[in-house]
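Reader: Please take me through this model term by term, and set each value against the criterion behind it.

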Amino acid sequence: MGITRTFKVGDELPPLVKHMTQEAINLFEGSAGHRGPSQFTDEATARQTLGTSSTVASGRMSLTFGLELLRRYFGADVYNRGGMVDLRFLRPVRPGDAITFSGKITAISKEADGNRVSVEVTAANQKGDVTAVGAGSCVVPSGFFPPEE
Amino acid sequence: MVQTQEADTRKVLDWEALEIGEHLPSFSYVLTQEMLKEYRRGVMDPEAAFPTISHKVDVGAYGRAYRDHGSVNARCAFHCYNTPIPGNRITVHAWIADKYLRRGKTYIVTEAVSVDDNGRLLDRVITHELKQPAEVGKKWG
């Protein structure tokens, strides 16, 4: 028998803290070949396009951090083959921000290939302002759960 | 004199006329080890497995078909199926999944799936783009 884990509604995930920097944003954008000036990498472009006083991080960086929060909790073997996350972006994340991602299990339901564990996800900056909210989930194979009584 | 600049043949976005379900141009790219490495450094996670996220493939496909005044990511969902393997060619199929008007602002929802050259479904991404990007500065400065 392999490793079994217990999941309960209300369980909290270990939080994940990310320190946003302009270098991180540039690497994220550059990794896909987006190397020209953009609202993410260039202040003048951000001012012109968004009307913001600084660059902002792509929402997809927060999306990636949401995936990391959940992957660390469920394990890569399981999460990378059936996990998902869905976030609404409420405030910009800027260089210098420290963003804390947290999660709590909201539901566990049976599916054909296991149990879907659903999690609410929140991201907040160093001031406590919420930058993103949403949900994630992962289908955990039944074999990972303790035997039913 | 030789003209090297190609004409922009993309359609100008007409939000009212945009059809839900419209397929966007498919495209492909080779995922390199360097892309994965740079992505992992950017997201500060040495185990990050889906560098396809930074490629923004759904809005990228939209951008191959349309031009507009820019947009802001208002909501994004990502579904993991199989981890991309560096060295493999990845093909992206994308479409307009929805559009809606909220508080007087227009949104477009794009969706895309990525499949590698072994036929493995890698991921699915769904993005809600606010088509008035200056709203960010008005609200948050």
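**The sheet**

Author: Ten strands form an open sheet with antiparallel pairing, in the order 1(A)-3(A)-4(A)-5(A)-2(A)-4(B)-7(B)-6(B)-5(B)-2(B). The model is predicted, and local features need pLDDT of at least 70 and side-chain atom pairs pLDDT 80 or more, whereas totals for chains, interfaces and linings use all residues. Residues are numbered from 1 along each chain as its sequence is written, while chains are lettered from A and ligands numbered from 1 in the order of writing.

Reader: What makes a stretch of residues a strand or a helix here?

Author: Both are DSSP runs numbered from the N terminus, a helix being H or I over at least four residues and a strand being E over at least two. On that basis chain B has three helices and seven strands, which follow one another as β-β-α-α-β-β-β-β-β-α.

Reader: How do you know that strand 2 of chain A pairs with strand 4 of chain B?

Author: Two strands pair if DSSP finds at least two bridges between them. Strand 2 of chain A and strand 4 of chain B (residues 72–80) have five bridges in the antiparallel sense, and therefore they meet the criterion. Within this pairing Met84(A) stands opposite His79(B).

Reader: Which other pairings pass the test, and over how many bridges?

Author: Among them is the antiparallel pair of strands 3 and 4 of chain A, with 11 bridges, in which Ile105(A) faces Val119(A); these two strands form a hairpin with two residues between them. Strand 4 of chain A is also joined to strand 5 of chain A, by 10 antiparallel bridges, with Asn115(A) opposite Val140(A). The hairpin of strands 4 and 5 of chain A has five residues between the strands, and there Gly128(A) takes a positive phi near 90°. In chain B, nine bridges join strand 6 to strand 7, again antiparallel, and Val115(B) stands opposite Leu121(B).

Reader: Why are strand 1 of chain A and strand 2 of chain B said to stand at the edges?

Author: Strand 1 (16–19) of chain A and strand 2 of chain B each have a single partner strand, so one side of each is left without a neighbour in the sheet. From one strand to the next, the twist averages 20°.

**Helices and burial**

Reader: Which strands does helix 3 of chain A lie across, and at what angle does the helix run to strand 2 of chain A?

Author: Helix 3 of chain A lies across strands 1, 2, 3 (98–111), 4 (114–124) and 5 (130–140) of chain A together with strand 4 of chain B, and runs at about 140° to strand 2 of chain A. The axes are lines fitted to C-alpha atoms, for helices over the stretch in contact, and the angle between N-to-C directions can run from 0 to 180 degrees. In chain B, helix 2 lies across strands 2, 5, 6 and 7, at about 120° to strand 2 of chain B.

Reader: Which residues of helix 2 of chain B are called buried?

Author: Burial requires 20 or more other C-beta atoms within 10 Å of a residue's own, placed from the backbone, whereas 12 or fewer make it exposed and values in between partly exposed. In helix 2 (residues 57–65) of chain B, Val57(B), Asp58(B), Val59(B), Ala61(B) and Tyr62(B) are buried, and strand 3 (66–67) of chain B is one of the elements that cover them. Of the 141 residues of chain B, 36% count as buried.

**Core and interface**

Reader: What makes a set of residues a nonpolar core?

Author: Its members are buried Ala, Val, Leu, Ile, Met, Phe, Trp, Tyr and Cys residues joined through C-beta atoms within 7 Å. The largest such core has 67 residues, of which Leu70(A), Val85(A), Cys138(A) and Phe78(B) touch the most other members. Helix 3 of chain A gives this core its largest share, eight residues.

Reader: How many residues of each chain take part in the contact between the chains?

Author: Two residues are in contact if their C-beta atoms, placed from the backbone, lie within 7 Å. The interface takes 36 residues from chain A and 37 from chain B. On the side of chain A, helix 3 gives the most, with eight residues. That side divides into 16 nonpolar, 12 polar and eight charged residues, where Ala, Val, Leu, Ile, Met, Phe, Trp, Tyr, Cys and Pro count as nonpolar, Asp, Glu, Lys and Arg as charged, and the others, Gly among them, as polar.
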